[in-house]
Amino acid sequence: MQVVQIYEHGGLDVLKVEEVKIPEPAAGQVRVKISAAGVNFIDTYQRTGLYPNPTGKFPWALGKEGGGTVDALGEGVNSPAVGTEVCFSGAQGSYAEYCCVAAAACVTLPKGIDSKIGAAVLLQGLTAHYLVMDTQPIKKGDTVLIHAGAGGTGGLIIQMAKLLGATVITTVSTQEKAVVAKEHGADHVIIYTEQDFHAEVLKITNGKKVPVVYDGVGKATFDKSLACCAQRGHLVLFGNASGAVPPVDPLTLTKAGSISLTRPSLFHHVGDGMLEKRAADLFGWIAEGKIKVKIGKEYPLSDARLAQEELSTRKTVGKLLLIP
């Protein structure tokens with residue numbers, strides 16, 4: 001089978017498309033014949049070494065998210081059964097034709113939602129869900145700032161925030177992306193390449209600022225995101241698209257207005273039955289037409305470098321997929 005893997009951390013050139021044997025599922029795992037693999041920023045962090053290979057063993061197959069059909073069961077596994085369409089996140093090695101995944105990490109797709117949609121929405125949809133439901137729950141009437149509103153995660157956070165009754169301010173880089181963010185439901189769209197988003201937030205809120213900022217961009221936006229938070233507000237930093245934020249002196253948060261800063265991870269929000277609950281909400285909203293999934297572009301496995309490059313340089317809108 002074909003797989004995209006690395007032999008060391010580094011730039012795009014370390015990504016190699018190679019032929020390897022089809023893996024056999026271990027105890028507690030299923031093997032999934034991949035229909036589509038999601039391309040996410042975490043994949044670029046793993047490639048560069050921002051998130052190092054925890055095993056230290058190479059070659060290391062990339063990809064955390066995918067969708068497809070179960071085609072083999074490991075010891076002790078009865079469900080999901082062979083032939084079941086599933087999606088998953090939190091595995092390792094989905095940039096491939098086959099991937100072995102813990103059975104407990106698989107979400108069985110409801111009728112009417114195929115594995116390509118599952119691969120496109122699971123990781124980002126679960127992320128959006130825990131951010132607005134748990135990390136800093138949105139209340140009806142809140143005005144919130146969400147960065148990168150034309151991206152996969154940003155677009156889903158916008159849609160969920162609107163479901164919860166919020167007024168949404170978002171940032172994008174181009175007029176084309178502003179149209180996409182509006183389609184997601186954003187009330188105010190700031191083109192940050194042309195406008196100072198901090199000044200615009202002050203203008204939109206009449207100087208009151210916002211109770212919460214959801215920031216997946218990181219280094220480039222952090223200081224102004226903090227300045228956009230109202231007194232005792234919350235800065236939710238959930239990604240590093242522009243690079244990691246340097247260490248923060250806690251007194252900075254005091255001086256900014258007793259701001260709460262958090263850097264959560266999806267993988268701390270899917271245990272104890274929460275994966276199933278979040279996935280049920282997510283796919284229920286999709287089935288009801290309340291949440292729309294935008295697939296921005298599809299690439300063959302051989303174009304994994306291009307997919308990561310276009311994601312990293314923020315040239316795309318919506319979700320990017322690799323198709324084996």
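This is a predicted model: local features need pLDDT of at least 70, side-chain atom pairs count only at pLDDT 80 or more; totals for chains, interfaces and linings use all residues.
Residues are numbered from 1 along each chain as its sequence is written, and side-chain values use heavy atoms, with hydrogens and water left out.

The UniProt record, an unreviewed entry, assigns "domain: Enoyl reductase (ER)" to residues 10-322. UniProt positions are given in the numbering used here, feature names are shortened, and annotations may be inferred rather than shown by experiment. The span 10-322 is 30% helix and 26% strand. Its end C-alpha atoms lie 20 Å apart. Helices (H or I, at least four residues) and strands (E, at least two) are DSSP runs, numbered from the N terminus.

Helix H1 comprises residues 41-48. Six of the eight residues of H1 are buried, where buried means under 20% relative accessible area, exposed over 50%, and partly exposed in between (1.4 Å probe, protein chains only). The buried residues are Ile-42, Asp-43, Thr-44, Tyr-45, Gln-46 and Arg-47. They pack against strand S1 (2-6), strand S3 (29-39), S4 and H9, with contact meaning heavy atoms within 4.5 Å. Just after H1, Gly-49 has a positive phi of about 100°.

Two packed helices are described by the angle between their axes and the distance between the axes. For H1 and H9 the angle is about 110°, and the axes are 10 Å apart. Axes are lines fitted to C-alpha atoms, for helices over the stretch in contact, and angles run from 0 to 180 degrees between N-to-C directions. H1 and H9 are therefore roughly perpendicular to each other. Angles under 35 degrees count as roughly parallel, over 145 as roughly antiparallel, 65 to 115 as roughly perpendicular and the rest as oblique. H1 contributes Phe-41, Asp-43, Thr-44 and Arg-47 to the contact. H9 contributes Gln-308, Leu-311 and Ser-312. Two of these contact residues are nonpolar, three polar and two charged. Here Ala, Val, Leu, Ile, Met, Phe, Trp, Tyr, Cys and Pro count as nonpolar, Asp, Glu, Lys and Arg as charged, and the others, Gly among them, as polar.

Strand pairing was considered next. Strands of a sheet pair through backbone hydrogen bonds, either parallel or antiparallel. Two strands pair if DSSP finds at least two bridges between them. Leu-145 has Val-213 of S12 as its bridge partner.

Antiparallel pairing is found around S6. Four of the five residues of S6 are buried. S6 pairs with S5 over five bridges, in the antiparallel sense. Glu-65 is partnered by Ser-89 of S6. S6 is also joined to strand S8 (residues 106-108) by three bridges, again antiparallel. There, Cys-87 is partnered by Val-107 of S8.

Val-121 lies in helix H2 (residues 115-135). Val-121 is buried, with a relative accessible area of 0%. Not counting residues up to four places away in sequence, Val-121 touches Glu-65, Leu-126, Leu-156, Leu-282, Phe-283, Ile-286 and Val-293.

Several backbone features stand out by geometry. The peptide bond from Phe-58 to Pro-59 is cis, with omega near 5°. Pro-59 sits in the loop between H1 and strand S4 (60-61). Ser-79 and Pro-80 are also joined by a cis peptide bond, with omega about 0°. Pro-80 belongs to the loop between strand S5 (65-73) and strand S6 (85-89). Arg-232, in strand S13 (residues 229-237), has a positive phi near 60°. Arg-232 counts as exposed at 59% relative accessibility. Asp-272 has a positive phi of about 55°. This residue lies in the loop between strand S14 (260-262) and helix H8 (274-287). Asp-272 is exposed, with a relative accessible area of 82%.
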